Amino acid sequence: MSFSPITHLRHVDIAVPDFDKQVAFYTDNWGLVTTGGERDVTYFAAEGSPEQYIVRVRRAAEKRLDLIALGAADRATVDALAARLGTEGVTLVSEPADLQTPGGGYGFRFFDLEGRTVEVSADVQTRRHRKIEEKEDIPVRLSHVVFNSPEPEKMTAWYEKHLNFRLSDTNTHPRMGGLFWFLRCSDQHHSIAISRGPHTALNHVSFELRGLDEYLRGSGRLMRAGIPKIWGPGRHRAGDNTFTYFHDPHGNTMEYTTELATIDEDTWHPSIFDVTEPETSDVWGIAETADEWISKQMFNDPDKGVFVAPPM
């Protein structure tokens with residue numbers, strides 16, 4: 001039996017002022033395909049994923065994170081979670097109901113501790129997809145999302161308490177303390193991670209490629225195309241996954257990755273990794289040294305999409 005009512009990460013929805021440039025980035029550079037939309041909204045799918053879409057882009061006056069969507073096993077789980085969150089004092093944006101987004105389904109929305117809108121849904125119709133072949137350097141699926149938080153310990157505890165995520169590993173610094181908390185809802189090492197940052201913001205969104213060769217080919221293709229590279233290629237210690245980070249046209253960080261570790265619940269014990277050890281950031285030792293400049297590239301702008309509760 002699953003330990004969390006959440007099964008996986010479905011999609012990440014963002015808003016941007018230069019809509020056309022963002023759409024072109026995902027189709028012409030990142031390797032996603034459009035699956036519909038309206039004048040000011042476009043949905044993007046990964047060729048190898050059964051999800052109706054993994055990214056939604058909306059035209060807006062300001063850049064913001066609109067929504068994080070998570071999957072649940074069935075309608076009963078959705079109803080039970082909504083009822084539980086209500087009794088635990090979590091602010092619901094909407095009650096469970098049929099969804100009007102592509103693929104339909106049944107779900108509800110709520111605010112997390114820092115005001116991000118989160119959706120949990122079940123019974124979303126799957127999309128016809130295909131096997132990604134050797135040397136195809138395009139995303140197979142959405143891998144994980146990382147949030148910046150000025151109070152990451154509280155954020156981690158919130159996701160553990162209310163959504164039953166489990167801690168997989170932590171990255172720490174001898175003087176600064178905890179820096180990254182990797183959280184899982186399944187046997188995937190992490191679907192969400194919390195990073196210490198100066199303000200509430202999106203740290204990065206990660207997309208999984210078929211394998212190591214495809215990941216390297218994709219990273220090289222983007223570098224040759226002049227997409228601003230922040231860091232990589234390399235391989236992290238926590239999660240054992242590869243990484244190359246790029247900026248999208250609006251300064252959001254997007255990652256190509258592959259080979260994220262899976263976990264045996266019966267034997268796994270969270271580790272604490274010291275980021276002053278070079279192997280923690282990059283086991284291979286070929287990526288640029290993790291420094292203050294790289295960290296700042298992932299701080300992002302303060303998120304204009306968060307809900308700020310009025311004073312009591």
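I began with patches, which are made of residues with over 30% relative accessible area and no salt bridge; like charges are joined within 9 Å, and nonpolar side chains (Val, Leu, Ile, Met, Phe, Trp, Tyr) within 5 Å. The areas come from the Shrake-Rupley method with a 1.4 Å probe, and for residues only the protein chains shown count as cover. A salt bridge here is a side-chain nitrogen of Lys or Arg within 4 Å of a carboxyl oxygen of Asp or Glu.

Two notes on the ground rules. This is a predicted model, where local features need pLDDT of at least 70 and side-chain atom pairs count only at pLDDT 80 or more, while totals for chains, interfaces and linings use all residues. Residues are numbered from 1 along each chain as its sequence is written, and side-chain values use heavy atoms, with hydrogens and water left out.

**Surface patch.** I found a nonpolar patch formed by Leu-212, Leu-216, Val-283, Trp-284 and Ile-286, with about 420 Å² of accessible area together. I placed Trp-284 in the loop between H5 and H6 (helices, H or I, have at least four residues and strands, E, at least two; both are DSSP runs numbered from the N terminus). Trp-284 has a relative accessible area of 33%, so I list it as partly exposed (buried is under 20%, exposed over 50%, partly exposed in between, with a 1.4 Å probe and protein chains only).

**Salt bridges.** My count came to 31. Glu-47 and Arg-130 form one of them, at 3.8 Å from N to O. Glu-47 sits in the loop between E3 and E4 and Arg-130 in the loop between E8 and E9, so this pair ties together parts 83 residues apart in sequence. Arg-141 and Glu-208 meet at 2.8 Å, N to O. This pair also links distant parts of the chain, with Arg-141 in E9 and Glu-208 in E13, 67 residues apart. Is Glu-208 buried or exposed? Glu-208 counts as buried at 17% relative accessibility, while Arg-141 is partly exposed at 28%. I also noted a network of salt bridges linking Asp-13, Arg-56, Arg-58, Arg-64 and Asp-66. Within it, Arg-64 and Asp-66 meet at 3.0 Å, N to O.

**Backbone.** Most residues other than glycine have a negative phi, and most peptide bonds are trans. The bond from Gly-232 to Pro-233 is cis, with omega near 0°, and Pro-233 lies in E14. Lys-135 has a positive phi, near 75°, and is exposed, with a relative accessible area of 53%. Asn-300 also has a positive phi, near 65°, but counts as buried at 12% relative accessibility.
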